[in-house]
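User: Here is a structure I have not seen before. Please take me through some of its salt bridges and one of its sheets.

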Amino acid sequence: MKNEKSVGIIGLGYYVPEKILTNQDMEKIVETSDEWIFERTGIRQRHVADAEMATSDLATRAAQKALADAGVTAEEIDLIIVATATPDMVFPSTSCLVQANLKATNAAAFDLLAGCSGFVYGSIVATQFIKAGFYKKILVIGAETLSRIMDWTDRATCVLFGDGAGAAVFAETEPGFGILGADMGADGTGGDLLKQPAGGTRMPATPETITNRLHFIHMNGNEVFKFAVKVMGESALKSLAEAGIAPEEVDLLIPHQANIRIIQSAAKRLKLPLEKVFINIHNYANTSSASIPIALTEAVESGRIKKGDNVVLVGFGAGLTWASCVLKWYKEETHIAKQ
Ligand code: UT7
């Protein structure tokens, strides 16, 4: 990623649906308890979209806030990347729906599927386009309506996820700021550990696939947990090495919010005290590709990040995939609209 142009985030925004399901609400749906969910995951509640809302609606609202924060019009956007595993439909892409909603008439648009690593994958892709001089301003959005593909009878998965969207505008920044290091990777041999088996060309929708609940999330939680603990620390260290920044110089770690115990072990691996780790899983549960941009936006909004800070984003997810990047924070002021 060595190049003369510096590329970073110039605007942020997020949107979560208003409806909240607490752990007590989940106790009425499956055999579970607030105690089990909170102790094993750190989750207290999740936001769930109403029936008329889909991923492009959440993505559009987050994007509008990010554009306003950046002071950029929709027509100035050259490319929209929507990272999602829960598109409105298989095609057209959710990014094209968002492009239409925003009236971003000059933007190309594509979806990116890298599970919960999707926003960081998208951020790295956007950075390359701008460094190469191909595009100037790119919207990267992580957006999910996971409640639609959750098996509400499976307590091992349905308590873990939530809906939401987070967006960032990428552009050239002052030299020395923005993304200084990045790492992304995949291990497709672990694809079976986290998947939505039916609905694609391998297993098209049939009455049997529906009866067998194959259009929902299927996950081997323990194996994904082990994988996450390994790759989060490793990937963050690789990005930091590329950036020439020591772990002790990190001001804030923004990890994918999947499980508080995974976050704690990543912090331990990086020898970071928990004060330097942003955690909001209690409020949103796991929003997959939206979790990192929602957390980043909240961190900036709440004054946890200031200009010049070293911020690390790191995620892992279905694929299996992982990705991280190191940002020297660029923006002095924020104008992020409240929810
Ligand atoms: O973004 C990437 C997506 N995925 C992840 O990041 C998930 C990573 N994995 C995890 O976060 C954890 O593995 C889980 C939270 C999914 C599970 O936690 P665990 O500590 O590994 O629990 P477990 O799967 O080993 O289950 C322990 C027990 C089992 O009962 P028995 O067999 O010991 O009697 C489960 O049946 O907990 C039971 N259990 C529950 N009990 C109450 C599983 N889910 C629940 C539940 N409420 N919701």
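This is a predicted model: local features need pLDDT of at least 70, side-chain atom pairs count only at pLDDT 80 or more; totals for chains, interfaces and linings use all residues.

Analyst: Residues are numbered from 1 along each chain as its sequence is written, and side-chain values use heavy atoms, with hydrogens and water left out.

User: To how many salt bridges does the count come?

Analyst: A salt bridge is a side-chain nitrogen of Lys or Arg within 4 Å of a carboxyl oxygen of Asp or Glu. By this rule the count is eight.

User: Which residue forms a salt bridge with Lys 307, and how many residues apart in sequence are the parts that the pair ties together?

Analyst: The partner of Lys 307 is Glu 174, with the closest N and O atoms 2.9 Å apart. Lys 307 lies in the loop between helix H11 (291–301) and strand E12 (310–317), and Glu 174 lies in the loop between strand E7 (164–172) and strand E8 (178–186), so the parts tied together are 133 residues apart in sequence. Helices (H or I, at least four residues) and strands (E, at least two) are DSSP runs, numbered from the N terminus.

User: Is Asp 309, which meets Lys 306 in a salt bridge, buried or exposed?

Analyst: Buried means under 20% relative accessible area, exposed over 50%, and partly exposed in between (1.4 Å probe, protein chains only). The N to O distance between Lys 306 and Asp 309 is 3.3 Å. Lys 306 has 56% relative accessibility and counts as exposed. Asp 309 has a relative accessible area of 7%, so Asp 309 is buried.

User: Which are the edge strands of the open sheet of five strands?

Analyst: The order in this sheet is E1-E7-E6-E4-E5, with mixed pairing. Two strands pair if DSSP finds at least two bridges between them. Pairing on one side only marks the edge strands, E1 (7–15) and E5 (108–112).

User: How many bridges join strand E6 to E7?

Analyst: E6 covers residues 138–144 and runs antiparallel to E7. Glu 144 stands opposite Gly 164 in E7. The number of bridges joining E6 to E7 is seven.

User: At about what angle to E1 does H11 run?

Analyst: Axes are lines fitted to C-alpha atoms, for helices over the stretch in contact (heavy atoms within 4.5 Å). Angles run from 0 to 180 degrees between N-to-C directions. H11 lies across E1, E6 and E7, and its angle to E1 is about 95°.
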